[in-house]
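Please have the sequence and the model open side by side. The paragraphs below go through one part of the fold at a time.

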Amino acid sequence: MNDHPQKSAIPPALLAARFSIAPMMDWTDRHCRYFHRLLSGRALLYTEMVTTGAVLHGDREKLLGFSPTEHRIALQLGGSDPRDLAAAARIGADWGYDEINLNCGCPSDRVQSGRFGACLMAEPALVAEAVAAMKAAVGVPVTVKCRIGIDHQDPEAALPGFVDAVAAAGADLVVVHARKAWLDGLSPKENRTVPPLDYPLVYRLKAARPALPIVLNGGLADLDQAAAALAHVDGVMLGRAAYENPRLLAAVDRRLFGADAPDADPFVVAERMVPYAESVVARGFRLSNVTRHMLGLFNGWPGARAWRRLLTVESVKPGADPRLILDALALVRRPELEVAPSAGGDAAVASDAAA
């Protein structure tokens with residue numbers, strides 16, 4: 001089955017947005033992204049959200065450093081001051097990021113107190129000013145990630161108005177998490193699951209704006225759902241599903257991008273993480289910084305629990321050897337009905353050199 005459509009409204013510079021992995025705090029760090037790139041050579045990867053203050057005044061190597069293997073990769077910024085956002089965007093572009101994304105969807109208390117994230121949906125004019133400033137500062141795409149509305153806003157009015165404002169300011173693409181964010185009454189965790197999903201609203205938004213690339217985010221659990229959504233929007237973004245079951249990423253290039261190549265073999269991917277982990281440990285970091293992102297790789301396969309247990313218990317110990325990954329891999333068996341793909345697929349072209 002080939003789910004790749006014949007046409008896309010997304011310009012060439014943004015074609016990777018057909019499938020992306022959501023920016024997730026404490027999850028999508030550089031080690032996670034390196035791992036995900038080995039599974040899919042085509043998916044667009046995102047950093048965790050980084051505040052403008054951190055970019056302007058913090059340790060940029062720690063905050064912004066990444067391996068060349070990770071391209072295409074987008075930097076997600078959090079902030080509301082147009083001048084600071086423009087300056088941070090310029091720094092991100094100079095570091096080599098392929099896209100700069102503005103977070104207008106995070107509902108955490110810390111984000112609200114800093115006047116960025118989902119609360120910015122109440123200030124479309126300010127967001128438009130910020131987008132225009134970022135566009136003037138960089139030559140890479142500038143995109144926005146938002147919700148369908150916040151609190152007592154009517155999404156039928158709030159979402160189109162917000163999207164039209166940022167599009168008029170020059171936003172190249174809008175990612176819509178198809179849930180409201182309740183800033184008053186729900187925790188950040190509840191905001192990821194409690195507000196109902198409204199995919200039809202996002203589909204209508206796209207239908208009314210055929211020239212504006214729209215990406216759907218929120219609640220998509222697998223590639224079947226992603227492929228179905230692509231009949232209505234230009235791209236799909238998976239978050240927790242991609243992180244908790246990373247093996248699904250192995251089929252992304254073939255199913256969603258039409259790549260004529262075998263899917264990445266998760267056993268080969270695990271083996272290829274060993275030299276990367278060695279480079280990380282050699283720089284003084286614990287093995288668990290890498291392996292914590294790999295725990296779900298074999299979910300549902302014989303030996304998956306033993307794989308998780310060994311990595312979880314042993315990788316946090318000082319001096320843990322990266323070859324522990326191979327010891328854990330020896331505990332896993334491919335299901336009898338699973339056909340082993342050839343090593344690597346499209347992802348095999350990625351370099352193993354760590355940043």
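Predicted model: local features only at pLDDT ≥ 70, side-chain atom pairs only at ≥ 80, totals over all residues.

Residues are numbered from 1 along each chain as its sequence is written, and side-chain values use heavy atoms, with hydrogens and water left out.

Start with strand β6 (142–150). Helices (H or I, at least four residues) and strands (E, at least two) are DSSP runs, numbered from the N terminus. Nine of the nine residues of β6 are buried, where buried means under 20% relative accessible area with a 1.4 Å probe, counting protein chains only. Strand β5 (residues 99–104) runs parallel to β6 and is joined to it by five bridges; two strands count as paired if DSSP finds at least two bridges between them. Within this pairing, Ile100 has Val142 as its bridge partner.

β6 is also joined to β7, again in parallel, by seven bridges, and here Lys145 is partnered by Val175. Together β6, α7 and β7 form a right-handed β-α-β unit. Right-handed means that, with the strands pointing away from the viewer, the path from the first strand over the helix to the second runs clockwise.

Next comes β8, which runs parallel to β7 through four bridges, with Leu216 as the bridge partner of Val176. In a regular strand the side chains alternate between the two faces of the sheet. In β8, Ile214 and Leu216 lie on one side and Val215 and Asn217 on the other, and all are buried. Three bridges then pair β8 in the parallel sense with strand β9 (residues 235–238), where Asn217 stands opposite Met237. The chain passes from β8 through α10 to β9 in a right-handed β-α-β crossover.

Which residues of helix α9 (residues 199–208) are buried? They are Tyr199, Leu201, Val202, Tyr203, Leu205 and Lys206. These buried residues pack against β6, α7, β7, β8 and α10, contact being heavy atoms within 4.5 Å. At the start of α9, a side-chain oxygen of Asp198 comes within 3.1 Å of the backbone nitrogen of Leu201.

Finally, the second largest pocket holds about 620 Å³ of space. Its lining has 23 residues, with Asp29, Arg30, Glu48, Lys62 and Leu63 lying nearest its centre. The elements that give two or more residues to this lining are α1 (30–39), β3 (50–51) and α3 (60–64). A pocket here is an open set of points on a 1 Å grid over the protein atoms alone, where a 1.4 Å probe fits, with protein on both sides within 12 Å along at least five of seven lines; lining residues have an atom within 4 Å of a point. The volume is the space filled by probe spheres set on the points, which are joined across faces, edges and corners.

Methods:
Buried < 20%, exposed > 50% of the residue type's maximum accessible area, 1.4 Å probe, protein only. Polar contact = N/O pair within 3.5 Å; in protein donor to acceptor, adjacent residues only side chain to side chain.
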